[in-house]
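Q: I have a model open and want to go through it piece by piece. Can you take my questions as they come?

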Amino acid sequence: MSPDSNLTNAEVLDRIVGHSREWYKAAQESGSYVPLGKLAGHLIPDAFSRAHVARNDSGEVLFYQSFQTQETDAHSQAEGPLYDTGQKDSYKTADTYYDNPNVQAALSAGRQVMSYFWQGAPFSEVETFLRGTVFKFAEGAAGGRSGGT
């Protein structure tokens, strides 16, 4: 999710929120689900993928992965049914993609954003949800450099 390793995690999140605002407002103004799909159907699932975001055992963001240094094979594996069990170097393969707890978290967060949209909620409510839940930083992580691998 990090376009540039010279950015802090907080700066990357500000960019993410900026794009999210554009898409949410475009969906509100046009009534089209296409821009909303960029947020609820793409950005949020990426937020829960190890290919894009490193999280601690509590699910808080440690850093954003770098586009430039990411290996294609590692990216594909991280978005598959393999997931971190929370134990050091311990991974489990889900029986299906939907059994992956990261997928469940992404689906739940995407549904919440859709709910905001259907209720006609202002973007400020969505932003609070994104910053406080989907992209909540681990202590001290906001000022750290993005772009880990």
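Q: Is Leu43 buried or exposed?
A: Leu43 counts as buried, because its relative accessibility is 10%. Buried means under 20% relative accessible area, exposed over 50%, and partly exposed in between, with a 1.4 Å probe and protein chains only.

Q: What kind of model is this, and how are residues numbered?
A: This is a predicted model, where local features need pLDDT of at least 70, side-chain atom pairs count only at pLDDT 80 or more, and totals for chains, interfaces and linings use all residues. Residues are numbered from 1 along each chain as its sequence is written, and side-chain values use heavy atoms, with hydrogens and water left out.

Q: Where does Leu43 lie?
A: Leu43 lies in helix H2. Helices (H or I, at least four residues) and strands (E, at least two) are DSSP runs, numbered from the N terminus.

Q: Which other residues of H2 are buried?
A: Besides Leu43, the buried residues of H2 are Pro35, Leu36, Leu39, Ala40, Ile44, Asp46 and Ala47.

Q: What span should H2 have?
A: The 14 residues of H2 should span 20 Å at 1.5 Å a residue, and the end C-alpha atoms are 19 Å apart, which agrees. The expected span is 1.5 Å times one less than the number of residues.

Q: And H1, how many residues does it have?
A: Helix H1 (residues 9-30) has 22 residues. From first C-alpha to last, H1 reaches 32 Å, close to the 32 Å expected.

Q: Which residues of H1 are buried?
A: The buried residues of H1 are Asn9, Val12, Leu13, Ile16, Val17, Gly18, Ser20, Trp23, Tyr24 and Ala27.

Q: What comes just after H1?
A: Gly31, which takes a positive phi of about 75°.

Q: At what angle do H1 and H2 pack?
A: H1 and H2 (residues 34-47) pack at about 135°, with their axes 6 Å apart. Axes are lines fitted to C-alpha atoms, for helices over the stretch in contact, and angles run from 0 to 180 degrees between N-to-C directions. H1 and H2 are therefore oblique to each other. Angles under 35 degrees count as roughly parallel, over 145 as roughly antiparallel, 65 to 115 as roughly perpendicular, and the rest as oblique.

Q: Which residues make that contact?
A: On H1, Ile16, Ser20, Trp23, Tyr24, Ala26, Ala27 and Ser30; on H2, Pro35, Leu36, Lys38, Leu39 and Leu43. Contact means heavy atoms within 4.5 Å.

Q: How do they divide into nonpolar, polar and charged?
A: Nine are nonpolar, two polar and one charged. Ala, Val, Leu, Ile, Met, Phe, Trp, Tyr, Cys and Pro count as nonpolar, Asp, Glu, Lys and Arg as charged, and the others, Gly among them, as polar.

Q: Changing topic. What does Gly110 touch?
A: Leaving aside neighbours within four places in sequence, Gly110 is in contact with Ala40 and Ile44. Gly110 is in helix H4 (residues 101-119), and its relative accessibility of 7% makes it buried. Its C-alpha atom is 7.9 Å from that of Leu39, 71 residues away along the chain.

Q: And what about Leu130, which residues does it touch?
A: Not counting residues up to four places away in sequence, Leu130 touches Ser20, Ile44, Phe123, Phe135 and Lys136. Leu130 sits in helix H5 (residues 123-134) and counts as buried at 0% relative accessibility.

Q: Where is Ala142 found?
A: Ala142 is in the segment after H5. Ala142 is partly exposed, with a relative accessible area of 28%. Ala142 and Asn9 are 133 residues apart in sequence and 5.1 Å apart in space, C-alpha to C-alpha.

Q: Last one: how many helices and strands does the chain have?
A: Five helices and four strands, in the pattern α-α-β-β-α-β-β-α-α along the sequence. Of the 149 residues, 40% count as buried.
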